[in-house]
Amino acid sequence: MTESQPQPLTEAGPVPDTRRGPVPGARAEQRSGSRNPSPADAGTTTGTAAADRGVPTLLPVATPARTRAVVAQLLRPQRRLALTAFAVMVGSTAVGLLVQPLLGRIVDLAADHGSADAVTTTAALLVAVAVAQGVTTGLGLSLISRLGETTLARLREKFVERALGLPLERVEKAGAGDLTARVTADVSLIAEAVRGALPELARSLLTIVLTLGALALLDWRFLLAALLAVPVQAATARWYASRAVPLYAQQRVAGSAQQQQLLDTVGGSSTVRAFRLEREHTEHVAERSRSLVALMMRGVRLVLGFYSRLHIAEYIGLAAVLVTGCWLVGRGAASVGTATAAALYFHSLFTPVNAALVLLDDAQSAMAGLARLVGVTDQPPPAEPARPAATGDAEVTVRGLSHAYRPGHPVLRDIDLTIRHGERVALVGASGAGKTTLARLVAGIQQPTEGTVLVGAVPPAELGPGTAGRTIALLTQETHVFAGPLADDLRLARPDATDDELRAALHSVDALDWAEDLPDGLDTVVGDGGHRLSGARTQALALARLVLADPPLVILDEATAEAGSAGARDLEKAVARALDGRTALIVAHRLSQAATADRIVVMESGRVVETGTHDELRVAQGPYAALWQAWSDTRS
């Protein structure tokens, strides 16, 4: 929750499956095509906002240099652990390099007809080396894993902190798929790399370096022969990396686009079926999938070319070492055992070299995902005003307000509105009239293109730290039941609330009886994996949070839009009690809710065309009277 935004605890609305979280951007205004507006729905779903926001603008991706800098910053507090892990791995690798000379010693003993005792002693040393290497390798890998997991945990915490602080407008423009893919697929990919690729890569690199040093100790000419493979391997790595980095970045973007399309199609399945758009949406999903598959196949071809080049390098290097060994043995400069040890050293490089280069595949993919996470963590925290202000009341003043999501396409025009402290004002109008946009501007979620919005004579963006959240609460159609005890879910609004205060809040919205009838009362686990709450109970839970938060200004954005008729009447009574004594701006879905308001504001095409009480507007025989007549006829 940013300082200039309403607190999210009050997202309320009838969602059939309360176990899923709210999808950013999946608001009623973005589902304006879900049904044909009818007179009965006059003043219902809004469609202007989403229609004018255009295509999704993905969240930023960090540059490779910035990504490496963030990794170094995250590792800095773990320097001691990193050095310890490095020292243990060096010792483990050095012990393992004793195997080849010991095998070469056995070859020399066999060639010179050495004693059986000498062979037995050498074999015993091989066993000791294997045991020591196994113990130290296990310890080293565990330390590296601990380092990686700790760093990943810190990155996750930073990512979640920044993601929760992103302006809702920015998240909605990016679309749910982009942020969801970063939270799920990218984090999982990095976690797998940390648990598997990072320890193996560290071990492989150490083995390569120390093995080359061991070759030099045997004879510097063995090292030169082995290095003949390096140019081919380096060229292979460069060839692969130059193609893999952009390819994996494209794959992540394509995956986000596919996930966004799936979310849109599945989330709006009722709309798709109602308008017979199954074929079009299937084609959209198929197109996104084909794009992703094409990129994945490019990756497969890239890996195949990578392996073929590695095999050439192995052949060149091993042939060079064997030829060098034969030449040195022929000149008497090395024994057969030494030449054998050199050949075994180079052969033992096959696995770590290939592993290190192959792990570039995982590393490049993980780096692409990491860059997407860093792109979010690098987003600046919500700016605090230079001189934070406090508000004494919740009077809302709107003057000369105009707003456009795209230049030249205004959705609000010259709005002037005053909501007195303690007054309840209902916004009504047809779909696309601009009701939700006006509510969002008053809530401080977005900044107006022109004009001013003041809450208690203070712009929402200039409210002091925490003041905006205590002053303004927004209830929408979406809601989310957090996994855990019901009492903890309620305490999101007020962490220090006592059990008696929780029960009082539930009682005020007629929810105490069913809450105490749950298997464990207020301690019943709800949300994902717990007791499932119905839509009406989920709404009541959100209203109870509102009562606990006790904000002076409440904005209801069609919070009862999807409830059934009987459920809506009960919910409207609970809403009335929750709003008692508060200033309220209500985007009314049902005109029965507007009729009980102190004042009604009628909007058409982004303008205020009528204002007055229910009785005054009915007598005036204007747009509201027509809406009321049409709505009443459908209820007869």
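This is a predicted model: local features need pLDDT of at least 70, side-chain atom pairs count only at pLDDT 80 or more; totals for chains, interfaces and linings use all residues.

Me: Why is Arg372 called buried?

Reply: Arg372 has a relative accessible area of 3%. The cut-off for buried is under 20%, so Arg372 counts as buried. Arg372 is part of helix H13, which covers residues 350–377.

Me: What does Arg372 touch, not counting residues up to four places away in sequence?

Reply: Its contacts include Pro60, Val61, Asp178, Ala181 and Arg182. Asp186, Arg252, Val253 and Ser256 are touched by Arg372 as well. A contact here takes heavy atoms within 4.5 Å.

Me: How about the whole protein: how much of it is buried?

Reply: Of the 636 residues, 47% are buried. The protein has 23 helices and 11 strands, and it exposes about 29100 Å², with carbon and sulfur atoms supplying 59% of that. Among contacts with a separation of 6 or more, 80% are between residues 24 or more positions apart.

Me: What makes Arg545 and Asp489 a salt bridge?

Reply: The closest N and O atoms of Arg545 and Asp489 are 2.2 Å apart. A salt bridge needs a side-chain nitrogen of Lys or Arg within 4 Å of a carboxyl oxygen of Asp or Glu, so this pair qualifies. The two partners come from distant parts of the chain, 56 residues apart: Arg545 sits in helix H19 (residues 535–549) and Asp489 in helix H16 (residues 486–490). Both Arg545 and Asp489 are buried.

Me: How many salt bridges does the structure hold?

Reply: There are 13 salt bridges. Some join up: Arg420, Glu423 and Arg599 are linked in a network of them. As for the general idea, side chains of opposite charge can pair when their charged atoms come close.

Me: How do you know that Asp550 and Arg582 form a salt bridge?

Reply: Their closest N and O atoms are 2.6 Å apart, and the limit is 4 Å, so the pair passes. Asp550 lies in the loop between H19 and strand S8 (553–557), while Arg582 lies in the loop between helix H20 (565–578) and strand S9 (583–587), so the pair ties together parts that are 32 residues apart in sequence.

Me: Are Asp550 and Arg582 buried or partly exposed?

Reply: One of each. Arg582 comes in at 8%, which is under the 20% cut-off, so Arg582 counts as buried.

Me: And what makes Asp499 partly exposed?

Reply: Asp499 has a relative accessibility of 40%. That value falls between the 20% and 50% cut-offs, so the label is partly exposed. Asp499 also forms a salt bridge with Arg491, the closest N and O atoms being 2.7 Å apart.

Me: Why can Glu280 belong to a negative surface patch?

Reply: Patch residues need over 30% relative accessible area and no salt bridge. Glu280 has 36%, so it clears the area cut-off. The patch is formed by Glu278, Glu280, Glu283 and Glu287, and Glu280 lies in helix H11 (residues 278–331).

Me: Which residues make the nonpolar surface patch?

Reply: Trp220, Leu224, Leu227 and Val230 make it, with an area of about 370 Å². Val230 is in helix H9 (residues 230–267). With 36% relative accessibility, Val230 is over the 30% that a patch asks for.

Me: Why is Leu75 called partly exposed?

Reply: Leu75 has 31% relative accessibility, which lies between 20% and 50%, so it counts as partly exposed. Leu75 lies in helix H2 (residues 64–75) and touches Leu147 and Thr151, not counting residues up to four places away in sequence. Its C-alpha atom is separated by 9.7 Å from that of Arg154, which is 79 residues apart from Leu75 along the chain.

Me: What makes Thr340 partly exposed?

Reply: Its relative accessible area is 24%. Buried would require under 20%, so Thr340 is partly exposed. Thr340 is found in helix H12 (residues 336–348).

Key:
Residues are numbered from 1 along each chain as its sequence is written. Side-chain values use heavy atoms; hydrogens and water are left out. Helices (H or I, at least four residues) and strands (E, at least two) are DSSP runs, numbered from the N terminus. Buried means under 20% relative accessible area, exposed over 50%, partly exposed in between (1.4 Å probe, protein chains only). Accessible areas come from the Shrake-Rupley method with a 1.4 Å probe; for residues, only the protein chains shown count as cover. Patches are made of residues with over 30% relative accessible area and no salt bridge: like charges are joined within 9 Å, nonpolar side chains (Val, Leu, Ile, Met, Phe, Trp, Tyr) within 5 Å. Lys and Arg count as positive and Asp and Glu as negative; His and the chain ends are not counted. The place of a charge is taken as NZ of Lys, CZ of Arg, CG of Asp or CD of Glu.
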